[in-house]
Amino acid sequence: MAKPKISSDWLAGCAGCHMSLLDIDERIIQIAELADIRATPITDLKEPDESGVDVGILEGGVNNSANEEVAHRMRSRCGILVALGDCAVFGGVPAMRNFFTLEETLRRAYVETESTDSGGMIPSDPELAKPTEVRALQDVVPVDIFVPGCPPSPEVIYYVLSELAQGRRPDLKGDLLHWH
Amino acid sequence: MVNLTIDGKTIEVNDGTTVLRAAQSAGIEIPTLCDHPELTPYGGCRLCLVEVEGARTLQPSCTLPVSEKMVVKTDTDRIKEARKFVLTLLFSERNHFCPFCQVSGGDCELQNAAYDEGMTHWPLSPGFNTFGVDASGPYFILDNNRCILCRRCVRACGELVGNFTWGFEERGAKSYLVADYGVPIGESSCVSCGTCVQVCPTGALIDRQSAYRGKDFQVDTIPTVCIGCSIGCSTTVGIRDNNIVRIEGRWAEGVSGGILCKVGRFEPVDDNRERITSPMMRVNGELKPVSLDEAVKSIATVIKPLAGKNGHGVAAIASTRLPVETLHMFKQIFADGMKSDMVTSLEEGWSTTNTAIFAEETGKVFEGKVDSLDMADCVVVAAADLANHHQVLGFMVKRILPTGTKLIIIDPESNDFDPFAEVKIKATKGTFADVFAAIKASSKNQSASELSAKCGVSEDVITSAGKILSESEHPVFIYSRGLTAKEGQPALAGLVDLAESYSGSTILCTKGKANSAAASQLRLDKPFDVGKHQAIFVALGDEDPSQRLIQRIEGAHFLAVTAAYKSKLTATADVVIPVEMWAEVEGHFLNIDGRIQMVSKAKNLPEGVAGNNETLKAIANELGVSLTDDWKKELTSRSSSMVIS
């Protein structure tokens, strides 16, 4: 049997879940032996193979049209989609902004922030992604496996990866189940 | 008794028991959020649903009474699905994002419940509705966004504390917690007892001082007894890295069953006074750090020659927040060893002397137990300000009023409990004995007109009080030093006489500070008079010295103080020796209803601090005074108004 292909990407997150993934340290070699690690934000290849991967992993919530595109692309190219971390699973810390209107948050970020000298403007270049409410990944594309945690601990990530690499579905419970 | 089967286990419980309690008694766990062992079942969260054979729908076990031959299942797939659905709805309603909540990671019952059900995510995303945050209170913050509407706080405030501050506005998912009729907490009737904070299952009620300072599993929890006043409520003190993180009540234990007031829960954590960390001696007009040995020797050098010099020897005064062991040593050194005629406590017997003398003279043990309030159908409060002092006793009175208990207030001053009173007797000062005699006469259907007139109260008022008392089966009379110190022995005699005329009555006295009663038993209760005493020894403990004390001591030839904190008194002393603050004290305290309670040491002393007992032992050693540790015998050798055990 060919090694399962694994690809990952990140959306509206802080990269902390990928940092936690790197914190599995030398165990990454075991994962690489069992699986074919393809495109990730921390490898050279940036987009999952058009021919598809077995497992797609996404960190972060969905907070603009660019995230939506990445999420849909990953979903369409992967077999099993994993939501990694509290932002992908629930919306996480970025979702705090949903308690305000989009207009309020943009004004706060670009106009009213203390570090803005004068004449701050909300960017409006048509090339920019269009901001939206922050959504959990499951609200944009169907998710198969949820790995909560802020970030999930290296132990949890290693468990999930090694199960997936060996063609099994991880079952998070007991000590492995933590939302943050 | 009722027999039922839960998960195949046959269980026998009392009639009226709920299915939840029956399951718990058999060691079967059913998850709940709105249930609390100290509160009336409410049935609000629906997490405790169970399957009952023959019932069409799942039933909430917390409100369902058991019935004969009932067959209950608590762990079927149908139930598990229902629990997940209940939790899903709860999470979807408000802001339950865990990464920015202080109870996440162990102290959140909602999160723990989700973990127990193996929930890796929320099937329904939240609606992002916003609710108010109220940070106007001094000790805790209300964040309605974290609230799950379990109403534990509402029930605790009413059922346990009798304050009824909390309530809900709006309906259904829009409901939110409000104080009184929607005023900010800081302007409401809230008394900051914090019972609601202790029962809150989520991060909706946040203790300002302990938030983010350690979860339960990171904090050492030491069971002890509060020494905020003479009641002596059972507490736990949470310690992390030798810092006090929080204080909580111990449910179903001790005098008050877990409720505390702000004096016990919040104020001790909010203490920014400066500690004394080394013994000090005045050298060339300034206090300089010295060794304990030097400090002790300098005290002994001054006071040893003063032994037996009545009136111009050594005067000694001790805090009533010190354990009996310390007070006993203190007494042995200064009264027995130095033969001083001026050995007393900072309370000077204000709260206890008249009671103690009356008990000695009459041989009557006339005071009862605090738990008599649970049965009380009438409470007479005689010159006691239970809204501001000994507050937990006030809570225990207020919480029984909704069940029909009648409150009679006898107080010449306005009393914060007046609005709750069935009868208010505003007698002329100095006429309490007549008030009691008048009530007694009226309840025995005798004329009270003459006596009423004497105390400036209309006869109708006296008659209505007498009527309530004559119809009462378990009246409880509560008095304080407002009665004994201000109205004297005859007033107390009148109260006891009145109470004794009703079988089933109980008398309680609020007393003073934590070891007020022990100081009285050790006869450390005379008025403090510096007079011509050559040297003064103050065992201040962790108290703040009163202005009056400082003024009276001013100009003394020699002043030695043992104290935990720097104060105006220690600044004027010739020798200062550092001792424990409350959380470092270990020893026994005699409470309001005669319980000898052990206070445990919750945290370690700062380096360089020897402590009360070690210091007193060193002083005794220098003076050649031998000490015994038979404090228990001493405590019970004087006849008392209460049963001491």
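Mentor: Angles under 35 degrees count as roughly parallel, over 145 as roughly antiparallel, 65 to 115 as roughly perpendicular and the rest as oblique. This is a predicted model, in which local features need pLDDT of at least 70 and side-chain atom pairs count only at pLDDT 80 or more, while totals for chains, interfaces and linings use all residues. Residues are numbered from 1 along each chain as its sequence is written, and chains are lettered from A and ligands numbered from 1 in the order in which they are written.

Trainee: At what angle do α11 and α14 of chain B pack?

Mentor: Two packed helices are described by the angle between their axes and the distance between the axes. Here α11(B), residues 432–443, and α14(B), residues 481–500, pack at about 15°, with axes 7 Å apart. The axes are lines fitted to C-alpha atoms, for helices over the stretch in contact, and angles run from 0 to 180 degrees between N-to-C directions. Helices (H or I, at least four residues) and strands (E, at least two) are DSSP runs, numbered from the N terminus. The two helices α11(B) and α14(B) are therefore roughly parallel.

Trainee: Which residues of α11(B) and α14(B) meet?

Mentor: On the α11(B) side they include B:F432, B:F436 and B:K440, and on the α14(B) side B:L483, B:P490 and B:L498 are among them. Contact requires C-beta atoms, placed from the backbone, within 7 Å. The contact residues divide into 11 nonpolar, 1 polar and 3 charged. (Ala, Val, Leu, Ile, Met, Phe, Trp, Tyr, Cys and Pro count as nonpolar, Asp, Glu, Lys and Arg as charged, and the others, Gly among them, as polar.)

Trainee: Is strand β18 of chain B mostly covered or uncovered?

Mentor: In a regular strand the side chains alternate between the two faces of the sheet. In β18(B), residues 378–382, B:C378, B:V380 and B:A382 point one way and B:V379 and B:V381 the other. The strand is mostly covered, with 5 of its 5 residues buried. A residue is buried with 20 or more other C-beta atoms within 10 Å of its own, exposed with 12 or fewer, and partly exposed in between.

Trainee: In which sense does β18(B) pair with β19(B)?

Mentor: Strands of a sheet pair through backbone hydrogen bonds, either parallel or antiparallel. β18(B) and β19(B), residues 406–410, pair in the parallel sense over 5 bridges; DSSP must find at least two bridges for a pair. B:V380 has B:I408 as its bridge partner.

Trainee: What is the strand order in the open sheet of 7 strands?

Mentor: The order in chain B is β15-β14-β25-β24-β23-β16-β17, with mixed pairing. Its edge strands, β15 (286–289) and β17 (343–345), each pair on one side only. Neighbouring strands are turned by 20° against each other on average, direction ignored. Within the sheet, β24(B) and β25(B) run parallel, joined by 4 bridges, and B:V561 is partnered with B:V576.

Trainee: Which helix lies across β16, β17 and β23 of chain B?

Mentor: That is α8(B), residues 324–337, running at about 170° to β16(B). Helix α7(B), residues 292–303, lies across β14, β16, β23, β24 and β25 of chain B, at about 135° to β25(B).

Trainee: Is B:E325 buried or partly exposed?

Mentor: B:E325, in α8(B), is partly exposed because 19 other C-beta atoms lie within 10 Å. Leaving aside neighbours within four places in sequence, B:E325 contacts B:G587, B:H588, B:N613, B:D629 and B:W631. B:N613 is 288 residues away in sequence, yet 7.8 Å away in space, C-alpha to C-alpha. Compare B:F140 in strand β7(B), which is buried, with 23 other C-beta atoms within 10 Å.

Definitions and conventions:
Two residues are in contact if their C-beta atoms, placed from the backbone, lie within 7 Å.
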